[in-house]
Amino acid sequence: MSPKILKKFKLFVDGKGYLGIADELTLPKVTVKTREVTSGFQAPIELDVGQLEKLEGTVTLLEYNADMMKLLGDWSSATTPLTARGAIQAQGDSPVPVVVTLEGFFKEVDMGNWKDGEEAKLTLQYAVQKYKLQIGPDTIYEIDLYNDVRKINGKDHMELLRNAIGA
């Protein structure tokens, strides 16, 4: 059995496509924030404290793109939508669609180094407020920080806490 390889990748930012310009996308790392407890245990244990670590990602383009650079810190709308579409495929299998939907804002622009004869790469760091990951028919993650939603595989890990505080 061979691993599924990401094939084809399209990026849309604020409704505009960047096919052939978007070189790389770093997705948010999802980390549950924990607290280490040692009292009475023979070894430390970690407990979920009901939060996630900061969600952020990066987009790397093969050019200095004025439209993207102008989005830096843009709070004129609630968020800037970012959608990435790709397909994963194992040898001999049908491709499986992967869709990543993010909402947030661009917080950093890095114009990198200049070198004659090479692309003028542009890297933008993105602060994520909503994150949805779909692989085939499954919604793996659906995280909405403003509404305190953390759905993983359809189960909202925050629902009971929201209900407990009347939210």
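Two strands pair if DSSP finds at least two bridges between them; strands themselves are DSSP runs of E with at least two residues, numbered from the N terminus. The model described here is predicted, so local features need pLDDT of at least 70 and side-chain atom pairs count only at pLDDT 80 or more, while totals for chains, interfaces and linings use all residues. Residues are numbered from 1 along each chain as its sequence is written, and side-chain values use heavy atoms, with hydrogens and water left out.

**Pairing around S9**

Strand S9 and strand S10 (residues 138-144) are antiparallel and share six bridges. Isoleucine 135 has aspartate 138 of S10 as its bridge partner. Two residues lie between the strands of this hairpin, where glycine 136 adopts a positive phi near 60°. The antiparallel pairings of S9 are listed below.

| Pair | Bridges |
|---|---|
| S6 and S9 | six bridges |
| S8 and S9 | 12 bridges |
| S9 and S10 | six bridges |

Individual partners can also be named: tyrosine 126 in S9 is the bridge partner of glycine 57, and lysine 130 in S9 stands opposite glutamate 103.

**Nonpolar core**

A nonpolar core is a set of buried Ala, Val, Leu, Ile, Met, Phe, Trp, Tyr and Cys residues joined through side-chain atoms within 4.5 Å. Buried denotes under 20% relative accessible area, exposed over 50%, and partly exposed the range in between (1.4 Å probe, protein chains only). The largest such core has 24 residues, of which Leu11, Val13, Met68, Leu82 and Phe106 touch the most other members. Two or more residues each come from strands S1 (5-13), S6 (56-61), S7 (80-89), S8 (96-110) and S9 (122-135). S9 supplies the largest share, six residues. With neighbours within four places in sequence set aside, the contacts (heavy atoms within 4.5 Å) of leucine 82 include Leu11, Val13, Val59, Phe106 and Tyr126.

**Partly exposed positions**

Lysine 151 belongs to strand S11 (residues 149-152). Its relative accessible area is 32%, so lysine 151 is classed as partly exposed. Beyond neighbours within four places in sequence, lysine 151 is in contact with Ile140, Tyr141, Glu142 and Asp156. A C-alpha separation of 9.2 Å is found between lysine 151 and lysine 132, which are 19 residues apart along the chain.

Phenylalanine 41 occupies the loop between strand S4 (32-37) and strand S5 (45-52). This phenylalanine 41 is partly exposed because its relative accessible area is 45%.

Key
Helix = DSSP H or I, 4+ residues; strand = E, 2+ residues; numbered from the N terminus.
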